[in-house]
Amino acid sequence: MIKTIFLSYILILGYSCSEAEYKLNYFDIRGRGEFIRFIFAASNQNFEDNRIKIEDWPTLKPTFPFQQLPTLDVRQGSETIVLAQSKAIARFLADRFGLNGENEIEKALIDMYGCQLGDLADSTLGKNLTKEQLDEILHRNFKFFEDRLIKNGNGFLVGSKLSWTDLFLSQLMDFLEKTKDEYFKNYPHVKALDEYVRELPGIQEWIKKRPDF
């Protein structure tokens, strides 16, 4: 029932924003761009997935805001705006696609959890951590999100429907690869959210076609 309501809502919002065209600029990896791709996929929104090769980046770098990726080009009519910073892009798209809560309190909570997930990514991805260090960080964060999911009581982190932070949490599980089930043993609600997200038709389609890295 929840899934049916969510998909119907997305179809309505998607129609209202259909005049816009989106181009996501990021490297040919998952990294900080993948949860934005998840937002597009979950919302059944078309976008251009512009993957920049590492060897081309030194030449292109000066042409991008803050000289970093990801960025999002939003073309609407004759106007194009360029957004930088992954979470700013996520909030913008979430507002458009109905993934950013129903009121100011929900938006603030969604933003808070999104920032925490960003901190989790910053503290683990690409870091030379021992297994003990990684375990401590992951278990501390998983317990926090498990407790939040239990408190909210409906499978989502905030409110009564999917938000961009639910997608962010699930997408970060990509980086655990084959060890994901090992960590999930003690966090059944986090596991259930991850499974829910990955069963969404748009996410399933995206996972099947995305590059395998």
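**Helix contact**

In α2, Glu34, Arg37, Phe38, Ala41 and Ala42 meet Gly202, Ile203, Trp206 and Ile207 of α10 (contact: heavy atoms within 4.5 Å; helices: DSSP runs of H or I, at least four residues, numbered from the N terminus). The residues of this contact comprise six nonpolar, one polar and two charged (nonpolar: Ala, Val, Leu, Ile, Met, Phe, Trp, Tyr, Cys and Pro; charged: Asp, Glu, Lys and Arg; polar: the others, Gly among them).

The axes of α2 (residues 34–42) and α10 (residues 201–209) come within 7 Å and cross at roughly 130° (lines fitted to C-alpha atoms over the stretch in contact; angles from 0 to 180 degrees between N-to-C directions).

**Basis of the model**

The model is predicted, with local features requiring pLDDT of at least 70 and side-chain atom pairs pLDDT 80 or more, while totals for chains, interfaces and linings use all residues. Residues are numbered from 1 along each chain as its sequence is written, and side-chain values use heavy atoms, without hydrogens and water.

**Cavities**

There are two cavities of 30 Å³ or more (sets of points on a 1 Å grid over the protein atoms alone where a 1.4 Å probe fits but cannot get out; lining residues have an atom within 4 Å of a point). The largest cavity holds about 80 Å³ of space (volume: the space filled by probe spheres set on the points, which are joined across faces, edges and corners). Elements giving two or more residues to its lining are α4 (86–97), α5 (104–124) and α7 (164–172).

The second largest cavity holds about 40 Å³; its lining includes Gly101, Glu102 and Ser163.

Methods
1 Å grid on protein atoms, 1.4 Å probe; cavity = no way out; pocket = protein on both sides within 12 Å on 5 of 7 lines; lining within 4 Å.
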